[in-house]
Amino acid sequence: MKVLTHNMMACTKKQCMGKGFPLAVECSNFETLNQEFNVEFTKNIYPKLDWKGIMEMAQKFNIPISADVTTHSLKDEKFLKSLHHLLCNFKVITGSLQCPNCQRVYPIDKGIPNMLLREDEIYQDIRE
Amino acid sequence: MPKYLIQFVQQHPSFRIFELESVAKIFNINVEYNPNDLDVLESLDPSIESPFLYVNIPSDEDVKKICSRAVLIKQVISVWAENKNLKGILEDINSNYDKKFLSNYLVDKTYRIEVDGYGTKYTQPKKLEMMLKISESPLWDNGKVVMKPTDESNHIVWTIQTDFGVERQGMVRNDSLEPRIIFFGQRVARGNRDDIIRFNLQERKYLGTTSMDPELSLVSANMGLVKKGDFMLDPFVGTGSFIIVSSHFGAQTVGCDIDMKAMRKQEECNLETNFADYGLSSHLMGTVLCDNSCPPWRTIPMFDSIITDPPYGVRAGAKKVGYKDNRRNRDIPEECKVGHVPQYIEYKVPDVMADLLELAAKTLVIGGRLVYWLPTSPDYKETDLPRHPCLRLITASCLQILTNRWGRRLVIMEKTINYNDEIHHKSKLTQDDLGQIDPQHKDLRQIVFWKAMGSSEKSLRKEKKKENHKNIDYINERKKINNSDNNNNSNNNNENTDNTKII
């Protein structure tokens, strides 16, 4: 799971809709990649990002990105590069995600987050 | 705007014009054509149909851009003359153009002539004979013939393109057969057929039973307006045909599936190794194991396109997490909750479609496209299509016929308004908002495999089978009893046991 995917995800429970992000990341093993800078994509994805989630991951991986959104500029290549580096070059291999609302834990194995709910949790939704 | 002649490939007639329009939209090119010509282009009648269409496109550069993406275009010709026969073509060239213009046209240039026929094949001597028929023109005064040019920019490919149409009733194929029409002109560009070879399934390491063939994958990505810098999702990723071609067109891609095996079968052969083999690893943002009835995405516009081939129960069945009927209400013990593998139940096709449209309504950007394949039978009607108030249907008329019982349609939708939970929540939408009024795709297995036998007959047959089994059991039991009774040699006992057994 790359940081970008994490940023787009939320808890799958219906009752957490609008509240189930950013998922707290527990990371026991991660990979650092070295991918080419993609300026179009970074510009495209910038307005869709959840900054709370970005800041949490930036701290975790030690990437200097200012939390103050007003200082960001899409013309600043240095900023775009570090953002792209954070989004695309860090990949969590094993670990877990936790919903900030319902505390449900989703495991990550071999780089693939398992977002499946249990049967009884689905049933919960129907009851509510 | 200059006029060009597009020759489309022979297959998928109903997809041609939508692909052309989509690709033109990707590059923001204005393409005009006469809508009446579509009757000929998309006709299923072999005596009418023709893969040729005249269009107006602003420049040669734009034609080349379109051809760099469009898979269903064979070639684009800038036509100099069209006539019933070559003699007429020669006359047209010599009379329609100025003599000086013609003789100076090929100065310092190299050229070659290609002869090709739609609905026929030419031998090399025949091709030469045809070329010689148009040799008496000042056009050939200058220039040098080169078959394999080193400098493409100074090289002109002339084409003599004949149109016989596909074989039809009453048509006798021999040398005396006259073509319907002959075009003569300069080829501007060839379509993007090379990508089909690049993504050939036979050369792909990791495959599944339902992997989409490369031609239709590329067409789907074109319909989804996938371009560089886009963010694209396939919620039923399987072995990843759509995300691979979308990555090839420069998008960053994410895939979801409920089946862990579909995404990572073996360490050395899986979806990620496929990406690595094509050198596209940097475009894969990852795969997520999830259930599409509860998608794991935030509710904001983030994807530029969603392209998918949902499972519809013919070759691969759809599944979602839930209790099976016989296990309802059984609680999972506390100590087993972590690492629990949930059970899957059947995910009905209309539900799959409704959830897919809701996902698109929630996560697509405005103007973003949802492109998906929908199974249909000949009983298809417009009301079968699932709808959503946030999405506008562009077309569902692209049909690939698979057998005479069923085929599949490529449905293209565009997001027009943003999702609002208060107005657009599932519980607030009526059946009418969502469409799908008694859709024929709700039980496709029935149509594909059991049409000859109605559902009631089928269940009758099942019951009969069960009864037969019971009878056999009964006979076996009787035999056992008789044997033991013979051993005991007691007639009274025999009758008694028999009676009790029967009761």
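User: How much area do domain 1 of chain B and domain 2 of chain B bury between them?

Analyst: About 1500 Å², with 63% of it on carbon and sulfur atoms. Buried area here is the accessible area (1.4 Å probe) that two parts lose on being put together, summed over both. B:F15, B:F18 and B:R69 supply 38% of what domain 1 of chain B buries there, more than any other three residues. Mind that this is a predicted model: local features need pLDDT of at least 70, side-chain atom pairs count only at pLDDT 80 or more, and totals for chains, interfaces and linings use all residues. Side-chain values use heavy atoms, with hydrogens and water left out; residues are numbered from 1 along each chain as its sequence is written, while chains are lettered from A and ligands numbered from 1 in the order in which they are written.

User: What makes B:E414 and B:K25 a salt bridge?

Analyst: The rule wants a side-chain nitrogen of Lys or Arg within 4 Å of a carboxyl oxygen of Asp or Glu. Their side chains meet at 3.3 Å, N to O, so the pair qualifies. The count between the two domains of chain B is one salt bridge.

User: And why is A:E40 with B:K228 called one?

Analyst: Same test: the closest N and O atoms are 3.2 Å apart, therefore the pair passes the 4 Å limit. Chain B and chain A have three salt bridges between them.

User: How many residues of chain B are in contact with chain A?

Analyst: 46, against 37 residues of chain A, where contact means heavy atoms within 4.5 Å. The two chains bury about 3600 Å² between them, 62% of it on carbon and sulfur atoms.
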